[in-house]
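Hi everyone, thanks for coming. Let me put the next structure on the screen, and then we can walk through it together.

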Amino acid sequence: MTWKMYFRNVKIIVWDECTMASKAGVEDLDRTLQGIRNCNCLIGGVTVILAGDFGQTLPVVPRGTRDDEVRACLKSSYLWSKVSMRVILKGNIKAEEFPKLQLNICDGKF
């Protein structure tokens, strides 16, 4: 099975530590899957779970400045408002409590 056939049939992709990847990688995945699957839906209609912690390392940009790293970050991608559950659920009180709970757990306060 070629990689194109594999991605034509894939149902779900889990991308761990996506926050350390350049936004270009996620944008390339979007365009590639749209082309391979002949579907103009977001990320070719594949369910993608992006996992990571923005409190950790941002994408590394060789000889880049801090601004370069922020520009390379997934949150600066045109896809961010379409893939972030926090952005999509903005205004939902329960959804807004979740990141605070996560931070409390990470800080050992829970």
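So, how many helices and strands does the protein have? There are six helices and two strands, where helices are DSSP runs of H or I with at least four residues, strands are runs of E with at least two, and both are numbered from the N terminus. Going along the sequence, the order is α-β-α-β-α-α-α-α.

A word on the ground rules. This is a predicted model, in which local features need pLDDT of at least 70 and side-chain atom pairs count only at pLDDT 80 or more, while totals for chains, interfaces and linings use all residues. Residues are numbered from 1 along each chain as its sequence is written, and side-chain values use heavy atoms, with hydrogens and water left out.

Now the overall picture. The C-alpha trace spans about 50 × 40 × 25 Å along its principal axes. The protein has 110 residues, and 22% of them count as buried; buried is under 20% relative accessible area, exposed is over 50%, and partly exposed is in between, with a 1.4 Å probe and protein chains only. As for contacts, meaning heavy atoms within 4.5 Å, take those between residues at least 6 apart in sequence: 59% join residues at least 24 apart.

The protein exposes about 8000 Å², and carbon and sulfur atoms supply 57% of that; the areas come from the Shrake-Rupley method with a 1.4 Å probe.

Let me finish with the aromatics. How many aromatic pairs does the structure hold? Two, where rings of Phe, Tyr and Trp (its six-membered ring) pair if their centres lie within 6.5 Å, and planes under 30 degrees apart are stacked, over 60 edge-to-face and the rest tilted. The ring centres of Trp-3 and Phe-7 are 6.4 Å apart with the planes at 75 degrees, so this pair is edge-to-face. Both residues sit in helix α1, residues 3-9, and they are four residues apart, about one turn of the helix. Tyr-6 and Phe-7 make an edge-to-face pair too, at 5.3 Å centre to centre and 80 degrees between the planes.

Together, Trp-3, Tyr-6 and Phe-7 form one aromatic cluster. And how open are they? Trp-3 is exposed at 52% relative accessible area, Tyr-6 is partly exposed at 46%, and Phe-7 is partly exposed at 25%.
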